[in-house]
Amino acid sequence: MNANPDLLTTLMELPEAERFEIAMAILDRTSPAAMEQSEILQEAARRQDEMESGVVRDLSYEELLAGIVHRRDANR
């Protein structure tokens, strides 16, 4: 992460409700909800093409959880 450590320290000292509000504002700006409908459709089509071509494959819920746990443990 390239964030300024002083900024992160200051943010973490804020009350939880304020930290949550800041986090939601950031996510709103970078989430798919911030995309135009045409962009969402293009992204969905691209991902569908990847699935159909075999470039990627779908995961079961258990495989998804295993991957999340593995990444979390690898980043500790």
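**Getting to know the chain**

Leaving aside residues up to four places away in sequence, L11 touches R19 and I22. Keep in mind that this is a predicted model.

Q: Does L11 count as buried, partly exposed or exposed?
A: Buried means under 20% relative accessible area, and exposed means over 50%. The relative accessibility of L11 is 26%, which lies in between, so L11 counts as partly exposed.

Q: What distance separates the C-alpha atoms of L11 and I22?
A: These two residues touch each other, although they sit 11 residues apart along the chain. From C-alpha atom to C-alpha atom, their separation is 8.9 Å.

Q: How many helices and how many strands are in the chain?
A: Start at the N terminus and follow the elements: they run α-α-α-α. The count is four helices and zero strands.

Q: What radius of gyration does the chain have, next to that of a compact globule of 76 residues?
A: For a compact globule of 76 residues, the value would be near 11 Å. The C-alpha trace here spans about 45 × 35 × 25 Å along its principal axes. The radius of gyration of the chain is 18 Å.

Q: What share of the 76 residues in the chain is buried?
A: A residue needs under 20% relative accessible area to be buried. The chain exposes about 7,100 Å², with 57% of that supplied by carbon and sulfur atoms. Of the 76 residues, the buried share is 1%.

Key: Residues numbered from 1 in each chain as written. Predicted model: local features only at pLDDT ≥ 70, side-chain atom pairs only at ≥ 80, totals over all residues. Heavy atoms only, no water. Helix = DSSP H or I, 4+ residues; strand = E, 2+ residues; numbered from the N terminus. Rg over C-alpha atoms; globule rule 2.2 N^0.38 Å. Buried < 20%, exposed > 50% of the residue type's maximum accessible area, 1.4 Å probe, protein only. Areas by Shrake-Rupley, 256 points an atom, 1.4 Å probe, with all protein chains shown as cover. Contact = heavy atoms within 4.5 Å.
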